[in-house]
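Welcome, and please take a moment with the sequence and the model. Have a look around before reading on.

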Amino acid sequence: MNTQVLSGKQLATLIQQRAGEEVRALENSGRHPVLAVVVATDDESTLWYVRSIERAAERLGIGCRIVDLGPEATEQVLASVLGDLSTEPSVNGIILQTPLPVGVKADSLVGLIAPEKDIDGANPLSLGRLAVGQPAFAPATAQAVVELLDHFDVPVAGRNVAVVGRSAVVGKPLALLLLERDATVTICHSRSGPLERYTLPADVVVVAAGRTGLLKGSHISPETVVVDVGTNVLPDGSLVGDVDEASVTGIAAGLTPVPGGVGSVTTALLLLHTVEAARQQEPAQLATATSSARI
């Protein structure tokens with residue numbers, strides 16, 4: 001069987017084009033969307049990712065503030081910055097980038113992000129609204145999975161979907177999004193027992209556990225569509241997912257690559273969410289900002 005490569009690059013381009021069109025529409029009315037990314041780490045892979053967001057934002061005409069507080073930032077400093085950004089009229093979207101300094105927990109900080117600026121669905125209020133079908137920004141990675149399935153015409157209504165991983169960033173919100181699409185969803189985690197018990201009957205398997213090579217060809221049935229959300233850095237600096245690509249290829253009907261799959265769509269959605277947040281916020285509350293600023 002030929003396994004189709006479910007690349008996210010074309011979809012990411014389409015989403016960015018849509019975001020760019022909305023940026024131009026806002027600018028015609030004198031409004032300029034601005035994204036603030038709060039960083040408190042010296043992890044090079046994280047900083048590279050943040051720079052990629054900044055470059056993508058600049059290309060679309062979205063202002064991007066990188067608020068780099070350094071790896072020694074305290075919880076009090078982070079809380080103060082998030083509070084200020086949440087009330088600053090010129091900022092439309094906020095991301096608290098992880099990892100955070102040792103001893104600082106994201107759980108105690110994400111609730112400080114104003115829901116209307118919570119473009120990555122980090123605030124528990126956003127997840128709660130998502131659960132009951134109220135308007136909210138879904139975590140971009142979880143939404144990226146659904147957008148990719150739609151893009152490649154992979155049906156989920158009435159089908160079995162196994163989600164491996166139960167994080168509040170991907171697994172839980174993704175299950176909610178899939179339920180809204182009438183999928184039958186099983187969430188697998190470290191206490192679930194043998195993985196194949198849940199993945200073999202599944203029509204679609206999404207892996208977001210952060211474990212290199214976790215899903216193997218023996219875990220899936222022919223014609224299964226596999227979405228790999230994992231991003232694991234090997235000692236040589238290369239990036240791989242949670243799926244053992246070699247053993248899955250030839251069995252799965254489709255497989256997202258790492259890199260070049262879910263991640264590229266995630267970045268595009270963060271920018272689209274920023275523009276949508278700017279459009280939803282009151283024009284009187286928006287101040288003109290430069291296309292890119294760094295503090």
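Here is a short tour, from the overall fold to single residues.

**Ground rules.** This is a predicted model, in which local features need pLDDT of at least 70 and side-chain atom pairs count only at pLDDT 80 or more, while totals for chains, interfaces and linings use all residues. Residues are numbered from 1 along each chain as its sequence is written, and side-chain values use heavy atoms, with hydrogens and water left out.

**The whole protein.** The protein contains nine helices and 12 strands; these are DSSP runs numbered from the N terminus, with helices (H or I) of at least four residues and strands (E) of at least two. The radius of gyration is 19 Å, close to the 19 Å that the globule rule gives for 295 residues, so the protein is as compact as a globular protein of that length. Here the radius is taken over C-alpha atoms, and the rule is 2.2 Å times the number of residues to the power 0.38. The C-alpha trace spans about 55 × 40 × 40 Å along its principal axes.

How much of the protein is buried? Buried residues make up 49% of the 295 residues, where buried means under 20% relative accessible area, exposed means over 50%, and partly exposed lies in between (1.4 Å probe, protein chains only). The accessible surface comes to about 13,500 Å², and 52% of that belongs to carbon and sulfur atoms; the areas come from the Shrake-Rupley method with a 1.4 Å probe, and for residues only the protein chains shown count as cover.

Among contacts with a separation of 6 or more, 71% are between residues 24 or more positions apart, a contact being heavy atoms within 4.5 Å. As for charge, there are 21 positive and 32 negative side chains, and the centres of the two sets lie 2 Å apart. Lys and Arg count as positive and Asp and Glu as negative, without His or the chain ends, and each charge is placed at NZ of Lys, CZ of Arg, CG of Asp or CD of Glu.

**An open sheet.** Six strands, in the order E1-E11-E8-E7-E5-E6, form an open sheet with parallel pairing; two strands pair if DSSP finds at least two bridges between them. Strand E1 (4-5) and strand E6 (184-188) stand at the edges with a single partner strand each, so one side of each is left without a neighbour in the sheet. Within the sheet, strand E8 (residues 225-228) and strand E11 (residues 254-255) pair in the parallel sense over two bridges, and Val226 stands opposite Leu255 in E11.

**The E2 and E3 pair.** Strand E2 (residues 34-39) and E3 are joined in the parallel sense over six bridges. Ala36 stands opposite Arg65 in E3, and Ile66 in E3 is the bridge partner of Val37. Both strands are mostly covered: six of the six residues of E2 are buried, as are five of the six residues of strand E3 (residues 63-68). Which residues point each way from E2? Val34, Ala36 and Val38 point one way and Leu35, Val37 and Val39 the other, and all are buried.

Glu54 sits in helix H2 (residues 44-60) and is buried, with a relative accessible area of 10%. Glu54 and Val37 are 17 residues apart in sequence and 8.9 Å apart in space, C-alpha to C-alpha. Thr266, in helix H9, is also buried, at a relative accessible area of 6%. Leaving aside neighbours within four places in sequence, Thr266 is in contact with Tyr49, Ala140, Thr141 and Ala144.

| Cis peptide bond | Omega |
|---|---|
| Thr98 to Pro99 | about 5 degrees |
| Val258 to Pro259 | near 0 degrees |

Pro99 lies in the loop between strand E4 (93-96) and helix H4 (124-131), whereas Pro259 is in the loop between E11 and helix H9 (262-280).

Next come residues other than glycine with positive phi. Asp153 has phi near 55 degrees; Asp153 is found in the loop between helix H5 (140-151) and strand E5 (160-164), and is exposed, with a relative accessible area of 67%. For Asp182, phi is near 70 degrees. Asp182 lies in the loop between helix H6 (171-180) and E6 and counts as exposed at 56% relative accessibility.
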